[in-house]
Amino acid sequence: MTNTKMPFVSSQQIEALERVFPTPFHLYDARGITENARRVNAAFSWNAGYREYFAVKATPTPAIMELLRAEGCGMDCSSLTELLLCEKLGIGGDEIMFSSNDTPAEEFRLAHKLGAIINFDDISHIPFYDECVGEYPETMCCRYNPGGKFSIANRIMDNPGEAKYGMTREQISEAFRMLMQRGVKHIGIHAFLASNTTSEAYYPELAAQLFHLAVELHEETGAHVAFINLSGGVGIPYRPGEPMPDISVIGSGVKRAFDDILVPAGMGDVKIFTEMGRYMLAPYGCLVTRVLHEKKIYKDYIGVDASACDLMRPAMYGAYHHITVCGKEEAECDHLYDVTGSLCENNDKFAVDRMLPEVEVGDTLVIHDTGAHGRAMGYNYNGRLRSAEVLLMPDGSAKLIRRAETPEDYFATLDF
Ligand SMILES: *Cc1c(COP(=O)(O)O)cnc(C)c1O
């Protein structure tokens with residue numbers, strides 16, 4: 001079997017980039033990001049108020065955020081620094097959704113100052129917000145957790161009953177009343193019930209549940225439900241041969257539920273929001289790394305110059321990331337390897353028992369689908385410094401959009 005999943009750059013392009021940017025680095029595809037954002041917007045264009053709020057935590061890099069903003073996306077923030085990142089970029093008001101949990105007071109204060117749409121994760125955050133901010137904007141949001149298990153066609157997708165997020169059914173009614181008492185005029189509903197699912201039925205099923213909930217809450221409390229935020233969770237095919245979920249099919253499925261449930265209830269003005277990270281970015285980034293060593297003991301190990309500090313998903317979740325050996329795209333995958341980083345942690349492996357073409361020291365590997373939750377999840381264990389980020393422009397040129405960390409960065413927090 002040869003390697004069937006191809007990177008978005010050719011090995012010639014990678015070779016040219018490597019002459020300018022030392023490995024390891026994350027590479028992003030500006031054209032891919034923009035075209036995908038347009039497909040997402042088109043899929044929901046039937047809804048007048050539709051907006052994708054990019055989950056900043058997936059790739060908190062200004063150049064990437066700007067690309068998405070140019071396509072009309074807002075930003076979904078969940079921490080102080082993510083809010084500050086938006087502030088520095090001049091992003092504010094309803095361009096920001098603040099979906100956090102276990103939220104510190106200063107973050108509510110900054111979100112309020114920026115005019116963000118604040119999504120309360122818990123009913124107890126309302127009295128907490130009374131204390132730390134006190135002043136309510138006209139539009140707020142509540143996060144819902146239906147408990148139990150979330151399934152589609154008898155297939156369990158996830159286990160909300162075990163998740164720390166959101167409010168129960170009783171609490172969300174009460175939260176709506178509390179917000180209305182505080183002068184809030186428009187309320188949104190948010191829920192995140194499945195993670196990294198490639199099922200095209202996920203959003204439509206989630207939407208149907210939230211639309212029914214919206215009708216009930218409107219009837220119970222008289223509240224104006226302004227928007228439904230379907231949050232993230234739409235997955236991508238990490239393995240070769242898996243299908244990419246078709247966002248236009250997903251958008252039509254949500255429209256069907258909208259027409260069936262909200263329109264007859266006289267609630268056809270509800271806006272649809274999404275808050276995707278992975279689907280917006282993951283396929284449009286890769287980690288470029290060079291082979292430093294080959295080691296043959298009880299297994300064959302390929303040691304590269306990147307580590308779990310640059311991409312944690314394989315170490316943390318055993319996640320699959322496809323690997324292409326540059327220049328050997330057409331070669332037979334007839335060698336069995338573990339591909340490792342240098343951390344003193346045996347889980348620092350980008351691949352375990354992976355069939356690849358014969359790999360040699362000096363080869364360049366492209367680790368696929370690192371555009372979301374890649375560099376962003378990096379850390380500094382073993383004193384490893386995190387890699388640079390490079391943006392491949394539509395005209396084929398490349399820009400450094402984040403330099404690699406230096407020892408000075410690592411020492412900056414220390415007191416000598
Ligand atoms: C992580 C997260 C997202 C994005 O999830 P993806 O699976 O990357 O699409 C959206 N909203 C919230 C609140 C999140 O925590």
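At roughly what angle do the axes of helix α4 and helix α5 cross, and within what distance do they come? They cross at roughly 20° and come within 10 Å. The legends below cover this pair and other close-ups of a predicted model.

**View 1. Helices α4 and α5 pack with a left-handed crossing.**
Helix α4 spans residues 80–88, and helix α5 spans residues 105–114. Two packed helices are described by the angle between their axes and the distance between the axes. Angles under 35 degrees count as roughly parallel. At roughly 20°, α4 and α5 are therefore roughly parallel to each other.

**View 2. Helices α8 and α9 pack with a right-handed crossing.**
Helix α8 covers residues 202–221. Helix α9 covers residues 247–262. Their axes lie 8 Å apart, at an angle of about 25°. The two helices are therefore roughly parallel to each other. The handedness of the crossing is right-handed for α8 and α9, whereas α4 and α5 cross in the left-handed sense.

**View 3. D369 and K5 form a salt bridge.**
Side chains of opposite charge can pair when their charged atoms come close. Here the closest N and O atoms of D369 and K5 are 2.9 Å apart. D369 sits in the loop between β17 (364–367) and β18 (388–392), and K5 in the segment before α1 (11–20), so the pair ties together parts that are 364 residues apart in sequence. Are the two partners buried or exposed? D369 is buried, at 5% relative accessible area. K5 is also buried, at 15% relative accessibility. The cut-off for buried is under 20%. The backbone of D369 deserves a look too. Its phi is positive, about 60°, although D369 is not a glycine.

**View 4. D130 and R182 meet through their side chains in a salt bridge.**
The N to O distance is 2.8 Å. D130 belongs to helix α6 (residues 125–132), while R182 lies in the loop between α7 (169–181) and β9 (186–190), so the bridge ties together parts 52 residues apart in sequence.

**View 5. K349 and D338 form a salt bridge within a network.**
The side chains of K349 and D338 meet at 3.1 Å, N to O. K349 is in strand β16 (residues 349–356) and D338 in strand β15 (residues 335–340); the pair links distant parts of the chain, 11 residues apart. K349 is buried, at 16% relative accessibility. D338 is buried, with a relative accessible area of 1%. Which residues join them in one network? Salt bridges that share partners connect K299, D338, K349 and D353.

**View 6. Y410, F411, L414 and F416 make a nonpolar surface patch.**
The patch has an area of about 470 Å². F416 lies in the segment after α12 (407–411). F416 counts as exposed because its relative accessibility is 82%, and the cut-off for exposed is over 50%.

**View 7. The peptide bond from T23 to P24 is cis.**
Omega is near -5°. P24 lies in the loop between α1 and β1 (25–29).

**View 8. N196 has a positive phi in a residue other than glycine.**
The phi value is near 50°. N196 is found in the loop between β9 and α8. Is N196 buried or partly exposed? N196 is partly exposed, with a relative accessible area of 27%.

**View 9. V234 sits in the loop between β10 (224–229) and α9.**
V234 is buried, with a relative accessible area of 4%. How far is V234 from D395? Their C-alpha atoms are separated by 29 Å. Along the chain, V234 and D395 are 161 residues apart.

Key
Residues are numbered from 1 along each chain as its sequence is written. This is a predicted model: local features need pLDDT of at least 70, side-chain atom pairs count only at pLDDT 80 or more; totals for chains, interfaces and linings use all residues. Side-chain values use heavy atoms; hydrogens and water are left out. Patches are made of residues with over 30% relative accessible area and no salt bridge: like charges are joined within 9 Å, nonpolar side chains (Val, Leu, Ile, Met, Phe, Trp, Tyr) within 5 Å. Accessible areas come from the Shrake-Rupley method with a 1.4 Å probe; for residues, only the protein chains shown count as cover. A salt bridge is a side-chain nitrogen of Lys or Arg within 4 Å of a carboxyl oxygen of Asp or Glu. Helices (H or I, at least four residues) and strands (E, at least two) are DSSP runs, numbered from the N terminus. Buried means under 20% relative accessible area, exposed over 50%, partly exposed in between (1.4 Å probe, protein chains only). Axes are lines fitted to C-alpha atoms, for helices over the stretch in contact, and angles run from 0 to 180 degrees between N-to-C directions. Angles under 35 degrees count as roughly parallel, over 145 as roughly antiparallel, 65 to 115 as roughly perpendicular and the rest as oblique. A crossing is left-handed if the near helix is turned anticlockwise from the far one by less than a right angle, and right-handed if clockwise.
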